[in-house]
Amino acid sequence: MHYFTPKRCASSRKIIYHDKAQAEAAARQAFIERDAELWVYRCEYCGGWHLTHHDPKEEQFLRGISAQAAVQRGKPRSRKRGFKPRRR
Ligand SMILES: [Zn+2]
């Protein structure tokens, strides 16, 4: 078995899929294997496709809130470190 290192987006740190079909196939696979419901969306930064756990509209909404909160606290959002996928 061989592993390939997927390209990651400089903006979102997510894996870049080259087309929608590829991203949707990965989303389906995640649903089958991990029961994870994922949405596919087009990234405006890298021009590729990413998967998200949130409905893209909802994620945009949440991002708006945390960006606002960061401005209120007067410091930029910290980068996520040591992220581990949750297991059920
Ligand atoms: Zn991207």
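Glu 33 is exposed, with a relative accessible area of 57%; here buried means under 20% relative accessible area, exposed over 50%, and partly exposed in between, with a 1.4 Å probe and protein chains only. This residue is found in helix α1, and its side chain is joined to that of Gln 29 by a polar contact of 2.7 Å. A polar contact is a pair of N or O atoms within 3.5 Å; within protein, one must be able to donate a hydrogen and the other to accept it, and residues adjacent in sequence count only if both atoms are side-chain atoms. The model is predicted: local features need pLDDT of at least 70 and side-chain atom pairs count only at pLDDT 80 or more, while totals for chains, interfaces and linings use all residues. Residues are numbered from 1 along each chain as its sequence is written, and side-chain values use heavy atoms, with hydrogens and water left out.

The secondary structure comes to 2 helices and 2 strands, running α-β-β-α from the N terminus on. Helices (H or I, at least four residues) and strands (E, at least two) are DSSP runs, numbered from the N terminus. Of the 88 residues in the protein, 22% are buried.

Helix α1 (residues 20-34) has 15 residues and reaches 20 Å from its first C-alpha to its last, close to the 21 Å expected at 1.5 Å a residue; the expected span is 1.5 Å times one less than the number of residues. The buried residues of α1 are Ala 23, Ala 26, Ala 27 and Ala 30. Seen down the helix axis, these buried residues fall within an arc of 100°, so they line one face of α1; the arc is that of the directions from the helix axis to the C-beta atoms. An α-helix has 3.6 residues a turn, so residues three or four places apart point the same way. The buried residues of α1 pack against β1 (39-42) and β2 (49-52), with contact meaning heavy atoms within 4.5 Å. Ala 21, Arg 28 and Ile 32 are exposed residues on the face of α1 turned away from its buried side.

Just after α1, Asp 35 takes a positive phi of about 55°. Asp 35 is placed in the loop between α1 and β1 and is partly exposed, with a relative accessible area of 47%. Arg 13, in the segment before α1, also has a positive phi, near 65°, and is a residue other than glycine.

The zinc ion has as protein donors Cys 9 (SG), Cys 43 (SG), Cys 46 (SG) and His 50 (NE2), lying 2.2 to 2.4 Å from it. Donors are N, O and S atoms within 2.8 Å of the metal (3.2 Å for Na, K and Ca); water is not among the atoms, so sites may look incomplete. Along the chain the donors follow the spacing C-x33-C-x2-C-x3-H. The 4 donor atoms subtend angles of 101 to 120° around the zinc ion, which makes the arrangement tetrahedral, a class that requires all angles between four donors to lie between 85 and 135 degrees.

Cys 43 is buried, with a relative accessible area of 5%, whereas Cys 46 is partly exposed at 34%. His 50 lies in strand β2 and is buried, with a relative accessible area of 0%. A polar atom of the His 50 side chain lies 2.8 Å from the backbone oxygen of Ile 15.

Notes:
Tetrahedral: all angles 85-135°; square planar, octahedral: opposite > 155°, others 65-115°.
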